[in-house]
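Subject: Handing over a structure, with notes

Dear colleague,

I am passing on the structure below, and I would be glad if you could look it over before reading my notes. The notes follow directly after it.

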Amino acid sequence: MKVTVDQGLCCGAGQCVLLAPEVFDQQEEDGLVVLLDPEPGARHAAAVREAAATCPTGAVQLVGEG
């Protein structure tokens, strides 16, 4: 699984950080998403999929998922 984030779309809701804190963080100054691990392992897959699905702006994207 590969993950990408688009800070231009991010609204700082923080759902991704709550769901997968090992993979996502937020910038202190504006709350925008920071990708900590662009290729998280299988143990984080379910949380990362949920983070992408619940992102209100679609800033979190999964690459190669189908």
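**Helix α2 and its surroundings**

The buried residues of α2 (45-54) pack against β1 (2-5), α1 (15-19), β2 (24-26) and β4 (60-63), where helices (H or I, at least four residues) and strands (E, at least two) are DSSP runs numbered from the N terminus. Please keep in mind that this is a predicted model, in which local features need pLDDT of at least 70 and side-chain atom pairs count only at pLDDT 80 or more, while totals for chains, interfaces and linings use all residues. Residues are numbered from 1 along each chain as its sequence is written, and side-chain values use heavy atoms, with hydrogens and water left out.

In α2, the buried residues are Ala45, Val48, Ala51 and Ala52, buried meaning under 20% relative accessible area, exposed over 50%, and partly exposed in between (1.4 Å probe, protein chains only). Seen down the axis of α2, these residues fall within an arc of 125°, so they line one face of the helix; the arc is that of the directions from the helix axis to the C-beta atoms. The face turned away from this buried side carries the exposed residues Ala46 and Ala53.

Val48, in helix α2, is buried with a relative accessible area of 0%. Leaving out residues up to four places away in sequence, Val48 touches Met1, Val3, Ala20, Val23, Phe24, Pro40 and Leu62, contact meaning heavy atoms within 4.5 Å.

His44 lies in the loop between β3 (33-35) and α2, and His44 is buried, with a relative accessible area of 13%. Apart from its neighbours within four places in sequence, His44 is in contact with Glu22 and Val23.

With kind regards
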